[in-house]
Amino acid sequence: MKGGFALAAKAVIIKNDKALILRRSEKEMKGSYLNKYEPWDLPGGSIRFHENCTEGLLREIGEETSFKVKIIKPIRIFDVVKNQVHMTIVTYMCLYRSGGVYLSEEHDKYYWLTLKEAEDMRLPKWIIKDIKLAMNELK
């Protein structure tokens, strides 16, 4: 996308008090319009035209990890405006249901992290914020 508006959905997937973090592949980072330098991400991505947000999120999670999850609720909505693109991002709290991790070419590593481990890795502030929000919902 070279300009305009986009909607994306992201997932904080929780399994045994840990959240799933993905590392973006070099190819994925080079092709990004919004973020060519940050390797860390949550599962999810752009929602297609005529696709509702939760359907798109489940599709993206399946494509990127092959997991089955239960979407609990939206935990945050925020906007990123950069390079002539305005993207609204909805982050959902999700619970892991089943499946092994089979990463797509968009990512090359994954980690299940506690909040403390995520903070120690110095992940982007938005990811830490979303993990905190999801973990607080579990309490």
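Two strands are said to pair if DSSP finds at least two bridges between them. Helices (H or I, at least four residues) and strands (E, at least two) are themselves DSSP runs, numbered from the N terminus. The structure described here is a predicted model, in which local features need pLDDT of at least 70 and side-chain atom pairs count only at pLDDT 80 or more, while totals for chains, interfaces and linings use all residues. Residues are numbered from 1 along each chain as its sequence is written, and side-chain values use heavy atoms, with hydrogens and water left out.

Strand β1 takes part in several pairings. With β2, β1 pairs in the antiparallel sense over two bridges. Ile 14 has Ala 19 as its bridge partner in β2. The hairpin of β1 and β2 has two residues between the strands, and in this hairpin Asn 16 takes a positive phi near 55°. With strand β4 (residues 44-46), β1 also pairs in the antiparallel sense, here over three bridges. Ala 9 stands opposite Gly 45 of β4. With β6, in contrast, β1 runs parallel, and eleven bridges join the two strands. Ile 14 has a bridge partner in β6 as well, namely Leu 95.

Strand β6 spans residues 85-98 and contains Met 87. Buried means under 20% relative accessible area, exposed means over 50%, and partly exposed lies in between (1.4 Å probe, protein chains only). Met 87 counts as buried because its relative accessibility is 12%. Met 87 and Leu 57 are 30 residues apart along the chain, and their C-alpha atoms are separated by 15 Å.

Nonpolar cores were examined next. A nonpolar core is a set of buried Ala, Val, Leu, Ile, Met, Phe, Trp, Tyr and Cys residues joined through side-chain atoms within 4.5 Å. In soluble globular proteins, nonpolar side chains tend to be buried together. The largest nonpolar core of this model has 16 residues, and those with the most contacts inside it are Val 12, Ile 21, Leu 123, Ile 127 and Ile 131. At least two residues of this core come from each of β1 (4-15), β2 (18-24) and α4 (125-138). The most is given by α4, which supplies five residues. A second, separate core has 15 residues, including Ala 9, Leu 22, Phe 67 and Cys 94.

Ile 131 is found in helix α4 and is buried, with a relative accessible area of 0%. Under the same exclusion of neighbours within four places in sequence, Ile 131 is in contact with Val 12, Ala 19, Ile 21, Leu 115 and Ala 118. Between Ile 131 and Gly 56 there are 20 Å from C-alpha to C-alpha, and the two are 75 residues apart in sequence.

Aromatic rings were also compared. Rings of Phe, Tyr and Trp (its six-membered ring) pair if their centres lie within 6.5 Å; planes under 30 degrees apart count as stacked, over 60 as edge-to-face and the rest as tilted. The count comes to five aromatic pairs. One of these is formed by Phe 78 and Trp 126, a tilted pair with 5.9 Å centre to centre and 45° between the planes. Phe 78 lies in strand β5 (residues 68-82) and Trp 126 in helix α4, so this pair ties together parts that are 48 residues apart in sequence. Phe 78 is buried, at a relative accessible area of 14%, whereas Trp 126 is partly exposed, at 24%. Ring pairs also link Phe 67, Tyr 96 and Trp 112 into a cluster.

A charge sits over a ring if NZ of Lys or CZ of Arg is within 6 Å of the ring centre and within 35 degrees of the ring normal. The charged end of Arg 76 sits over the ring of Phe 78, 4.1 Å from its centre. The charged end of Lys 15 sits over the ring of Tyr 96, at 4.5 Å from the centre.

Finally, a search of the whole structure for disulfides (pairs of cysteine sulfur atoms within 2.5 Å) finds zero. Cys 53 is in no disulfide, and the nearest cysteine sulfur, that of Cys 94, is 11 Å away. This distance is too far for a bond between Cys 94 and Cys 53. Cys 53 is buried, with a relative accessible area of 15%, and Cys 94 counts as buried at 0% relative accessibility.

Technical notes: Contact = heavy atoms within 4.5 Å.
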